[in-house]
Every structure is written in structure tokens, then in C-alpha cells.
Amino acid sequence: MPHLDSTPSLTAKPPIWAIPLALGLLVFLLMGLGQPPLFDVDEGAFSEATRGLLSSGDWGHTTLNGLDRFDKPIGVYWLQALSGVLLGPTELAMRLPSALATWLSALALWRFVTGQWGVRTGAWAAIIHVTSFGSWAMAHAATADAVLGMLLMLSAIDLWRYLPTEDMKALRRLALWVGAGLLVKGPVALLIPAASLIIHCLVSGQWAVCRKALLDVRAWLCMLAIALPWYAYAVWRHGENFVQGFILKHNVERFTAPMEGHGGHWLYFVIVAPILWMPWTPLLLAWWGRWQAIWGHALTRQALIWTVFVLVFFSFSGTKLPHYGIYAAPGVVLLLTAALGRMRSWHAGLCAVTLLAWQALLVGLPWFWMTFPEQVPQALKSIFQHGLDPLPLGSIATLWGLLALTLLICRARLPRLGLADTLSAMALIHGTVLALVVWPWWANTLQGPIKALGLEARNWPSTVGQIGGNWPSFAFYRQQALLPKGNPASLYLAPESQVQPGARVWAKDKGMVLFQPETATRP
């Protein structure tokens with residue numbers, strides 16, 4: 001890898017393998033995207049709210065189960081709705097914006113790193129980004145986080161372009177990304193880049209750079225031109241309800257207190273963050289004892305500032321969720337990529353062993369629970385007690401064998417492949433196994449019954465409520481909203497343990513039932 005201070009030119013002709021690899025990363029992210037059923041609560045809620053938007057034709061507001069939904073701004077619902085118009089109300093359509101956003105953020109990072117350390121290192125950065133567990137998971141989720149992640153990646157890149165050069169074009173592009181982020185997720189899209197800018201200027205003493213950015217009227221106008229119209233419309237339409245629901249409840253209260261049971265110790269991200277960047281996390285050991293090297297180089301210093309701010313800020317948040325750590329991706333991935341240049345053979349070996357162990361855990365744990373059901377944790381007993389689809393270990397072994405053989409052939413025929421190339425190929429193999437085998441198995445285990453009951457009840461005229469849980473994906477598959485809790489319904493969706501004595505069960509699948517409390521004609 002080129003030295004950290006080298007600056008290869010972007011005008012150089014890209015190598016012949018660059019375009020096939022870029023397209024290959026897209027295929028990697030699209031593999032199996034529409035196979036697993038939607039996960040509740042988040043995927044189900046986003047997808048059902050989008051289905052409701054399309055059904056009502058009201059593109060200015062979303063609802064869920066007949067109630068106003070103020071959890072997130074409108075941006076991600078527009079993207080999912082456009083995808084739904086093209087592909088229909090399917091899992092693929094709802095997840096497609098996330099997969100494409102992750103791919104675009106990888107390409108943007110590739111281009112940026114190429115300008116710093118060369119095209120091959122840029123390719124490694126893109127591969128690290130799409131194969132890291134957290135980014136991969138968000139790319140396969142029908143939520144707002146991958147789209148916000150793309151906008152934060154673009155914001156970080158243009159911030160890092162602006163700081164050393166005071167390039168106003170980069171600053172105003174940054175403002176565009178922030179405006180779009182405000183439309184997709186909310187104030188966090190402004191908070192993270194602004195805090196990174198201020199902290200950089202604080203530690204470097206470059207207050208003129210900070211002042212110039214914060215006082216640039218055109219940048220503010222660019223940001224407001226994107227975000228302000230919908231926010232003004234939402235306040236005009238909903239008034240105090242929008243202020244209370246979105247701004248106070250889902251932003252201020254989410255930070256000051258745990259919401260929906262998602263709390264955690266202030267060391268939460270010390271445990272979660274290494275998992276989010278598996279299997280690449282061991283690469284950070286290449287920086288051990290070399291903190292001055294990180295801090296002494298402008299770009300890695302900025303990456304460290306971004307990373308530390310995100311992880312520390314959300315460590316003090318009352319509500320803690322794993323995907324909050326993904327917002328540190330621009331900084332973490334850059335540090336991991338730079339670590340490749342300092343990697344020794346034992347670092348690569350540790351990464352390879354970690355990857356194999358991580359793969360064994362994700363594949364072996366479900367197999368172990370199927371083989372020894374008495375070992376299933378108590379919290380998962382209700383999920384596993386109704387039987388599981390067999391985990392296709394034969395498919396996993398075949399896939400591993402074919403891809404490993406391909407890798408060995410490449411190593412034999414292409415001796416120029418180095419340790420980083422080998423690790424990248426292993427990570428792509430790992431992601432392929434996740435996408436085609438492990439992820440569908442988990443999704444069908446957890447959500448298969450909800451999808452089956454939703455499809456079975458699609459043509460029933462009865463109203464449906466829910467007891468003992470929240471399964472908005474049922475409404476998405478049924479193509480009809482659930483009734484708000486507390487409203488009387490003809491049928492109820494519930495775990496079997498919640499069914500009232502004497503109730504009439506109309507449909508049942510692996511511990512989930514649709515039942516009617518009183519005798520009635522079949523819907």
C-alpha cells in the first residue's frame with residue numbers, strides 16, 4: 001500500500017479490474033435481498049408505513065396502524081415508495097434503497113481513498129465497508145439507517161476535503177448531504193459533521209476554517225432548501241403533535257432516557273462496536289502503540305475524531321441500539337484501511353482466524369441449537385419450541401468449497417495477490433454465506449409464521465388486532481393495516497400462549513395464531 005502521505009492522482013486510468021469489482025460489490029449486496037421475510041419491529045414498521053403511503057396516495061405523511069407515525073422524517077419512505085412503485089410491495093423493493101445506498105457509499109469511499117492512497121487501497125476500503133457486519137446488516141434492512149449512513153459517508157468525505165483546502169464546493173456539497181440527512185433521519189445528520197468540524201478546529205486551532213464554514217450563507221441555504229419545505233409542511237399540517245412526536249419524543253427524549261426498553265450501560269459500544277466491524281476488527285491492532293502516527297496524519301486524525309465523537313455521544317444516549325454505532329463508519333473504515341498499510345503477517349493471520357471463528361459462530365450456533373434444543377437460551381425458547389426449518393449445512397459446505405477453490409486458483413494464477421486481497425476474498429465469501437444461507441434461515445425462523453398468516457388472511461374482510469406483541473409486517477403481507485391497540489377487532493394475531501380459553505382459531509403457524517374471541521362465521 002502507498003505510504004499515508006502519498007497522493008495518487010484521480011486522473012490516472014483505472015485498472016481493468018476496477019469496474020468488474022464495483023459491479024461485483026453491487027451483486028454481492030443484492031444477493032438474496034428479497035428472500036427473507038421482513039423482521040419486526042423495524043423493517044415491518046417502515047415497510048407497512050410505506051405501503052400505507054402508497055395505498056392512500058398521501059406522499060406528505062406516514063401512518064402505522066391508523067395512527068400518525070412521527071418516528072422518522074419522510075425521506076426514506078419516499079425512496080421505499082419509489083422502489084415499491086417499480087417492483088411492487090415486496091421485500092426486495094423495501095430493502096433495495098438500503099442496498100443501493102451502501103453500494104454508493106462504498107463507491108464514494110473508494111474514489112476518495114483512491115485520491116489519497118491509490119486505487120487498490122480504495123478498493124480495499126470499499127470491500128471493508130460492504131463486508132463489515134454492521135454495514136452489511138443495514139444494507140439488508142428496510143430501515144433508514146443505510147441511507148443515512150450513505151449521507152454521513154458523503155458528508156465526512158466532503159468535510160475531509162474542505163478542512164485542508166477550504167474548498168467551498170466541498171463545503172456546499174456537505175450542506176446538501178446534511179439537508180438530505182435531515183430529511184431521512186433528523187438532526188443527527190447535522191450534529192455529527194458539525195461536531196467533527198468543531199472538534200477538529202478545537203484541537204488544531206484552525207478557528208478561521210471553522211468560522212468560514214459555519215458562516216457560509218450559501219451552505220446554509222443549500223441545506224435548508226432540501227430539508228425545510230417538508231418540515232414546514234409537517235408543522236403546518238400537524239402543529240404541536242409533530243413537535244411533540246418527532247422533535248421531543250423521538251429525538252430529545254430518545255437521548256435523555258431509554259425508549260422501548262433499549263437502554264444499556266455507558267460501556268455498551270465498547271462491546272458492540274467491535275462486533276459491528278467484524279471480521280475486520282483485529283486490523284486495529286496494527287495501530288497498537290502507534291497512536292502518534294494516527295494523530296500525526298491529518299486524514300487519520302479526522303477519521304479518529306469522527307469515530308470517537310459518534311461512539312462517545314451515543315454512549316451517553318439514554319436509548320442505545322447497535323446500529324447507532326454504524327454512524328461511525330466513515331472514520332472506522334478509513335482507520336481500518338490505513339491499518340492495512342501497517343499490517344504484518346500475524347495481523348492478517350489473526351483476521352483470517354477471526355473470520356473463520358465468526359463464520360463458525362453464525363452458522364454453528366443455529367445448528368447447535370437445532371441439534372441440542374435443550375441448550376437453547378430461555379429467552380429464545382418460545383421461538384424454537386415449535387420446530388425449525390433445517391439449516392442447509394450441505395449448501396454451506398458446497399458454497400465454501402467452490403469459493404475456496406476459486407480463491408486457491410486465483411492465488412496460484414495471480415501471485416500478485418497479497419494478504420489484503422486474500423482477506424478481502426475471504427470476507428466476500430463470508431458475506432455470501434450470510435446472505436444465501438444464514439440470514440434467510442434466521443428470518444424464516446423468527447418471521448416465517450407472521451408472513452404465512454398475513455398472506456393467508458390477505459383476502460379475509462375481517463379487521464385484525466394484535467395481542468402480546470407488535471408485528472407490523474403482518475399488515476404489510478396482508479396489505480391491510482392492523483387496528484390500533486385497544487380497538488375491538490374481528491380477529492387477533494397473538495402467540496399461542498395468549499389465546500383466550502374457548503377462542504376460535506382460524507389459522508395457526510408455529511406458535512402464532514389468528515383467533516376470534518367469540519364464535520363467528522369464518523372470515
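Reply: Helices are DSSP runs of H or I with at least four residues, numbered from the N terminus. Please note that the model is predicted.

Me: In which loop is the place of Glu-166?
Reply: Glu-166 is not a glycine, yet its phi is positive, at about 55 degrees. Most residues other than glycine have a negative phi. The relative accessible area of Glu-166 is 32%, so the residue counts as partly exposed. Its place is in the loop between α7 (145–165) and α8 (168–184).

Me: What is the phi of Lys-510, which is not a glycine?
Reply: Lys-510 is found in the loop between β5 (504–509) and β6 (512–516). With a relative accessible area of 36%, Lys-510 is partly exposed. Its phi is positive, at about 45 degrees.

Me: Which residue does a cis peptide bond join to Asp-40?
Reply: Most peptide bonds are trans. Here omega is about 15 degrees, and the bond is cis.

Me: What is omega for the cis peptide bond between Met-278 and Pro-279?
Reply: Pro-279 belongs to the loop between α13 (268–276) and α14 (291–296). The cis bond that joins Met-278 to Pro-279 has an omega of about 5 degrees.

Me: How many aromatic pairs are there?
Reply: Rings of Phe, Tyr and Trp count as a pair if their centres lie within 6.5 Å. By this rule the count is 21 aromatic pairs.

Me: Are Trp-136 and Trp-439 buried or exposed?
Reply: Buried means under 20% relative accessible area, and exposed means over 50%. By these cut-offs, both Trp-136 and Trp-439 are buried.

Me: Which kind of pair do the rings of Tyr-268 and Phe-269 form, stacked or edge-to-face?
Reply: Both Tyr-268 and Phe-269 are buried. Their ring centres are 4.9 Å apart and their planes stand at 80 degrees, so the pair is edge-to-face.

Me: Over the ring of which residue does the charged end of Arg-301 sit?
Reply: A charge sits over a ring if CZ of Arg is within 6 Å of the ring centre and within 35 degrees of the ring normal. Arg-69 lies over the face of Phe-46, at 5.1 Å from the ring centre. For Arg-301, the charged end is 5.9 Å from the centre of the ring of Trp-295.

Me: Which helix gives the most to the nonpolar patch?
Reply: The patch lies on the surface, and its residues, among them Leu-190, Trp-220 and Trp-295, have about 1000 Å² of accessible area together. At least two residues each come from α9 (188–204), α10 (207–214) and α11 (217–238). With four residues, the helix that gives the most is α9.

Me: What is the relative accessible area of Trp-220?
Reply: Trp-220 lies in helix α11 and is one of the residues of the nonpolar patch. Trp-220 counts as partly exposed, and its relative accessible area is 36%.

Conventions. Residues numbered from 1 in each chain as written. Predicted model: local features only at pLDDT ≥ 70, side-chain atom pairs only at ≥ 80, totals over all residues. Heavy atoms only, no water. Phe/Tyr/Trp six-rings, centres within 6.5 Å; stacked < 30°, edge-to-face > 60°. Buried < 20%, exposed > 50% of the residue type's maximum accessible area, 1.4 Å probe, protein only. Patch = residues over 30% accessible without salt bridge, like charges linked within 9 Å, V, L, I, M, F, W, Y side chains within 5 Å. Areas by Shrake-Rupley, 256 points an atom, 1.4 Å probe, with all protein chains shown as cover. Salt bridge = Lys/Arg side-chain N within 4 Å of Asp/Glu carboxyl O.
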